[in-house]
Amino acid sequence: MRAMYLAVVDPSRTLTDEALDASLDATLAARPRSAGWWVFAYGSLLWNPIFPIAESRTVLLRGYHRRFCLWSLASRGMPHAPGLVLGLMPGGACRGVAFRLPASAAIDELRLLWRREMVVGSYVPRWVALATGGRPIVGLAFVVKRDHPQYAGSLTLDRQAEVIASACGHLGSSRDYLERTRVALVSHGIVDPYLERLAAALQPRK
């Protein structure tokens, strides 16, 4: 991921391995005693988690909502034509899936996950309460960093659709990212009205 970004952005925009390890260590130090090794998936982690999954649960995160609010300069867009990817923004609620890592491999797998999700430092990792059908669980969520240079949280739905319709990067298009997320959510019995509105807005733009 770093090599992909280094090819298109200033080297100072990517975090070093040392910085990534320090970020993870600080997050682990703040881990509540009640927390298991759960990771909250609301975007690409739903269909490409990259880590082994010991258990999964459909959950509700209160206090945050899913939104295309981050410019993508390499993975789903390029500097001359940025794409958009999802982040969690304050307010509302977000349904998604909690994946539990095997305890024996959790820290090693999180170090790999940090190198994917935190490569440009655009998220703030937080331990959050996740409501399930039974007892709530505590898991790790990646919340958008609103003072990051790639933050794009003020875009209208029409502007989001305009960008998503055409942007493409090294990992594919923003349109594909949206569709994969929608399909993954539906496979877990979740329909997100926001994503459905975006998908409908894209239909005339094929």
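Mentor: Two strands are said to pair if DSSP finds at least two bridges between them, and please keep in mind throughout that this is a predicted model.

Trainee: What about S4 and S5, in which sense do they pair?

Mentor: Strand S4, residues 123-130, pairs with strand S5, residues 137-144, in the antiparallel sense over 8 bridges. The two form a hairpin that has 6 residues between its strands, and Leu-130 stands opposite Ile-137 in S5.

Trainee: Switching to pockets: what volume does the largest pocket have?

Mentor: Its volume is about 490 Å³, and 28 residues line it, with Ser-44, Ser-75, Arg-116, Glu-117 and Tyr-177 lying nearest the centre. Two or more lining residues come from each of strand S1 (38-41), strand S2 (55-72), strand S3 (83-100) and helix H3 (106-117), and the largest share, 3 residues, is given by S2.

Trainee: How many of the lining residues of that pocket are nonpolar, polar and charged?

Mentor: The lining of the largest pocket divides into 18 nonpolar, 7 polar and 3 charged residues.

Trainee: Which residues line the second largest pocket?

Mentor: That pocket, which holds about 150 Å³ of space, is lined by Ser-34, Ala-35, Gly-36, Trp-38, Arg-57, Arg-135, Pro-136, Ile-137 and Val-138. By class, this lining has 5 nonpolar, 2 polar and 2 charged residues.

Trainee: Last topic, the helices: at what angle do H4 and H6 pack?

Mentor: Helix H4, residues 157-166, and helix H6, residues 193-202, pack at about 60°, with their axes 9 Å apart, and the crossing is right-handed.

Trainee: Which residues of H4 and H6 meet there?

Mentor: From H4 you have Leu-157, Gln-160, Ala-161, Ile-164 and Ala-165, and these meet Tyr-194, Arg-197, Leu-198, Ala-201 and Leu-202 in H6. By class, the contact has 8 nonpolar, 1 polar and 1 charged residues.

Definitions and conventions. Residues numbered from 1 in each chain as written. Predicted model: local features only at pLDDT ≥ 70, side-chain atom pairs only at ≥ 80, totals over all residues. Heavy atoms only, no water. 1 Å grid on protein atoms, 1.4 Å probe; cavity = no way out; pocket = protein on both sides within 12 Å on 5 of 7 lines; lining within 4 Å. Points joined across faces, edges and corners; volume = space filled by probe spheres on them. Helix = DSSP H or I, 4+ residues; strand = E, 2+ residues; numbered from the N terminus. Nonpolar A, V, L, I, M, F, W, Y, C, P; charged D, E, K, R; others polar. Axes fitted to C-alpha atoms, helices over the stretch in contact; angles between N-to-C directions. Left-handed = near helix turned anticlockwise from the far one by under 90°. Contact = heavy atoms within 4.5 Å.
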